[in-house]
Amino acid sequence: VQLQASGGGLVQNGGSLRLSCAASRSIFSINVMGWYRQALGKQREMVAAIGSGGRTNYADSVKGRVIISRDNAKNMVYLQMNSLKAEDTAVYYCYALASGKDYWGQGTQVTVSS
């Protein structure tokens, strides 16, 4: 499955962004879809994930500020990010776990200015 992430950009501290991830095929049966991020000089980390049944998981650093959702009919996954902070600045990657394989999108840059 190919993943295309979009929606990144420059936002002020406290602002909001919604990231979108478009999959090249049906995501109905994809076990897990999610978002990771990688800040400059740091390791890639999980931000949020959502299972095929809708169960969600969030990194502690974003809990209460971020909502992940999936639209199986549109083959889309979204990441609504609110109350953004400078430390949220990173490249955000869409991710899918399907049939035991990992798939990654190309990444979209999110920059939060203080």
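Reader: How many helices and strands are there in the protein chain?

Author: Zero helices and eleven strands; helices are DSSP runs of H or I with at least four residues, strands are runs of E with at least two, both numbered from the N terminus. This is a predicted model, where local features need pLDDT of at least 70, side-chain atom pairs count only at pLDDT 80 or more, and totals for chains, interfaces and linings use all residues. Residues are numbered from 1 along each chain as its sequence is written, and side-chain values use heavy atoms, leaving out hydrogens and water.

Reader: What makes the radius of gyration of the protein chain agree with a compact globule?

Author: The rule, over C-alpha atoms, is 2.2 Å times the number of residues to the power 0.38. For 114 residues that gives near 13 Å, and the protein chain has 13 Å, so the two agree.

Reader: Which share of the residues is buried?

Author: It's 41% of the 114 residues, where buried means under 20% relative accessible area (1.4 Å probe, protein chains only).

Reader: And what share of contacts between residues at least 6 apart joins residues at least 24 apart?

Author: That's 53%, with contact meaning heavy atoms within 4.5 Å.

Reader: How do you know that strand 9 and strand 10 pair?

Author: Pairing needs at least two DSSP bridges; strand 9 (residues 90-98) and strand 10 (residues 101-104) have four, and run antiparallel. They form a hairpin with two residues between them, and Ala98 stands opposite Lys101. In the turn, Ser99 has a positive phi of about 55 degrees.

Conventions. Buried means under 20% relative accessible area, exposed over 50%, partly exposed in between (1.4 Å probe, protein chains only).
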